[in-house]
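The exercises that follow are meant to be worked through with the sequence and the structure in view. Each one sets a task and then goes through a solution step by step.

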Amino acid sequence: MQYKKKSHGKNAISILTFIVLISLMVASVVFILNKHKTTDTISDQVSIGQSDVKSIQATLLTEDIPINQSSNLVDTTIALNSATVNDSYYQYLKPKDLNAKYVMVYNKTTNQIVYQKDIDALCYPASTTKLLTCAVALEYVSPDTIFTVGDELSLVPADSSLAYLSKGEKISLNDLLYGLMLPSGNDAGYVIAVNVARRVSGNDKLSNKDAVSYFAELMNKTAKNIGMENSNFVVPDGFHDDKHYVTTKDMMKLLLYADSFPLLKKVASTYKYQVKIKSGQDYTWLNSNRLIDKSSEFYYEGVSTGKTGFHDDAGHCMAFVCNKNGMDIYVVIMNSQTAIYRNRDALNLLNMIYNPKEIKIGEQWDLKPDETTSKKGD
């Protein structure tokens, strides 16, 4: 009997072809996965000594960095998107009665937007930005962490509001937050931004400039995460930059988020803070928010978490919370002409909710003209 010889060559070719196809499929899957990974890269040439120049690269893989370590995430997008509109308060206060260009009032207790004036228009936040700076710092760093003030102070713009920190001082993040929020210290903002960025990136060789850029990316990451859809941040202090902007509705989302941090709420609600920092220097800081100053004619009982802001391009701004008569009211006021007008608007908006009979319009106000500021921060 004659047998046919088996063709081992053809089988070998088939197996090889199958292996090649499988390899190509695996490679395609890996390529697609890598293509969709979000990576932001900051690189800089940093001088080491006199001549050794090395490239420092810090890579931020956004999906790998945990955020919100100090607070339960507030889904502000859902909160505001599900809110109903209650327009009954316009009978007490017309938009033309307010000096501010952009205004939003939200009653968290009833989940109602009770007042709005051009809330989707782009505007500049000035130092109300510091609500986000404070929140981001608390997301990543323990308040008892000690930072050393460095030459990042050179980044502070002229004519800034200051906490008057000096290079070489050692100060905890907790104390820095008071220096940031009460006197609105732009210097404290840069110390926080640079030190937090180096710690989070794991790269203590980041230049001051790149560390600020890195921190801004963290700010934008948080802003996006809490639903701030039409905002962009490039600096920690809010000093004017055309690329640093918000909407009033987005600022309301930030205010809701900031108020969820117990420490931030405590800091922003404090009028006077006295401290001896780690390196021994004494500081006394006063809050620029007149609504919590019991000696001010603008004092309003129940006002807590808040931040003021001022710059020529931003006007006078304010974001704050009032807890009174069983209602939690959140207020954002953007671009008033003066601090006096900003504070008048604040009182009228609060009285609109709590006591309409106390609303004052135009000449009904009799206030001393001492509420202006020449510092960019307020």
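## Exercise 1: The chain as a whole

Of the 378 residues in the chain, 51% count as buried. The model is a predicted one, and every value below is computed from it.

**Task.** State how many helices and strands the chain has, and which share of its contacts between residues at least 6 apart in sequence joins residues at least 24 apart.

**Solution.** Begin with the elements: the chain has 9 helices and 14 strands. Next, take the contacts between residues at least 6 apart in sequence, of which 65% join residues at least 24 apart.

## Exercise 2: Cysteines

**Task.** Find how many disulfides the chain has, and which cysteine sulfur is nearest to that of C123.

**Solution.** A disulfide requires two cysteine sulfur atoms within 2.5 Å, and by this rule the count is 0 disulfides. For C123, the nearest cysteine sulfur belongs to C317 and is 6.9 Å away, and C123 is in no disulfide. As for burial, the cut-off is under 20% relative accessible area; C123, at 6% relative accessibility, counts as buried, and C322, with a relative accessible area of 0%, is buried too.

## Exercise 3: Aromatic rings

**Task.** Classify the pair Y106 and Y330 from the distance of the ring centres and the angle of the planes, and then do so for Y283 and W285.

**Solution.** A pair of aromatic rings is described by the distance of the centres and the angle of the planes. By the rule used here there are 8 aromatic pairs. The rings of Y106 and Y330 have centres 6.4 Å apart and planes at 55°, so this pair is tilted. Y106 belongs to strand β4 (residues 102-107) and Y330 to strand β14 (residues 327-336), so that the pair links distant parts of the chain, 224 residues apart. Both partners can be checked for burial: Y106 is buried with a relative accessible area of 2%, and Y330, at 2% relative accessibility, also counts as buried.

Turning to the other pair, Y283 and W285 are stacked, at 5.0 Å centre to centre with 20° between the planes. Both Y283 and W285 are buried, and together with Y178 and Y273 they form one aromatic cluster. A ring can also have a charge over it: the charged end of K324 sits over the ring of Y354, 5.7 Å from its centre.

## Exercise 4: Enclosed helices and nonpolar cores

**Task.** Explain why helix α3 is described as largely enclosed by the rest of the structure, and name residues that touch the most other members of the largest nonpolar core.

**Solution.** Count the buried residues of helix α3 (residues 130-140): 11 of the 11 are buried, so the helix is largely enclosed by the rest of the structure. Among them are K130, C134 and E139. For helix α7 (residues 248-258), the count is 10 of the 11 residues, so this helix, too, is largely enclosed. Its buried residues include T248, D250 and K253.

The largest nonpolar core has 76 residues, and those touching the most other members are L131, L165, L177, M181, M252, L264 and W285. Leaving aside neighbours within four places in sequence, L177 is in contact with C134, L138, I192, L263 and V267. A second, separate core of 28 residues includes Y89, L93, I329 and A346.

## Exercise 5: Residues in loops

**Task.** Decide whether I119 is buried or exposed, and find which residues it touches.

**Solution.** I119 lies in the loop between β5 (112-117) and β6 (122-123), and at 8% relative accessibility I119 counts as buried. Not counting residues up to four places away in sequence, I119 touches V103, M104, T247, T248 and K249. I119 and D250 are 131 residues apart in sequence, with their C-alpha atoms 8.4 Å apart in space.

**Solution.** Most residues other than glycine have a negative phi.

Key: Residues numbered from 1 in each chain as written. Predicted model: local features only at pLDDT ≥ 70, side-chain atom pairs only at ≥ 80, totals over all residues. Heavy atoms only, no water. Helix = DSSP H or I, 4+ residues; strand = E, 2+ residues; numbered from the N terminus. Buried < 20%, exposed > 50% of the residue type's maximum accessible area, 1.4 Å probe, protein only. Contact = heavy atoms within 4.5 Å. Phe/Tyr/Trp six-rings, centres within 6.5 Å; stacked < 30°, edge-to-face > 60°. Lys NZ or Arg CZ within 6 Å of the ring centre and 35° of its normal. Core = buried A, V, L, I, M, F, W, Y, C linked by side-chain atoms within 4.5 Å.
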